[in-house]
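Have the sequence and the 3D view at hand as you read.

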Amino acid sequence: QVQLVESGGGLVQAGGSLRLSCAASGSILSINSMGWYRQAPGKQRELVGIINSGGSTNYRDSVKDRFTVSTDSAKNTVYLQMNSLKPEDTAVYYCSMYVTVRPGMPPHDYWGQGTQVTVSS
């Protein structure tokens with residue numbers, strides 16, 4: 001079993017910064033990709049940014065140049081550095097990792113519990 005635990009959410013004023021962390025534990029053979037998603041009230045969950053095992057990243061247009069996804073592979077941890085935050089960034093943020101737990105088994109996606117980010121104007 002694989003568990004993802006997030007931390008770092010909170011309340012911040014517009015223009016401020018926050019850093020989210022997500023650490024994976026359990027039976028992990030390899031991690032194919034790590035990413036962050038968010039869901040605002042009444043809206044669908046959307047991709048924020050993702051990084052693959054080769055280090056390539058992809059971001060939604062609205063957060064490019066403001067948010068950065070990075071990893072610490074030794075700690076099975078992914079980070080989301082959020083700068084120049086805007087009220088429209090307010091949402092519950094979820095981390096997700098695509099993990100292989102055993103040789104010969106296909107990878108499976110695992111999710112964190114979510115952390116609230118609120119940006120006040």
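Two strands count as paired if DSSP finds at least two bridges between them. Strands themselves are DSSP runs (E, at least two residues), numbered from the N terminus. The model is predicted, so to speak of local features here takes pLDDT of at least 70, while side-chain atom pairs count only at pLDDT 80 or more, and totals for chains, interfaces and linings use all residues. Residues are numbered from 1 along each chain as its sequence is written, and side-chain values use heavy atoms, leaving out hydrogens and water.

Let us begin with the open sheet. Its 4 strands follow the order β1-β3-β8-β7 and pair in the antiparallel sense. Because β1 (2-7) and β7 (67-72) stand at the edges with a single partner strand each, one side of each has no neighbour in the sheet. On average, neighbouring strands in this sheet are turned by 15° against each other, direction ignored (axes are lines fitted to C-alpha atoms).

| Pair | Bridges | Residues standing opposite |
|---|---|---|
| β7 and β8 (residues 77-82) | 6 bridges | T68 and Q81 |
| β4 (residues 30-39) and β9 (residues 91-100) | 9 bridges | Y37 and Y94 |
| β4 and β5 (residues 46-52) | 6 bridges | R38 and E46 |

What do β4 and β5 form? They make a hairpin with 6 residues between them, and G42 in the turn has a positive phi of about 80°.

Definitions and conventions. Axes fitted to C-alpha atoms, helices over the stretch in contact; angles between N-to-C directions.
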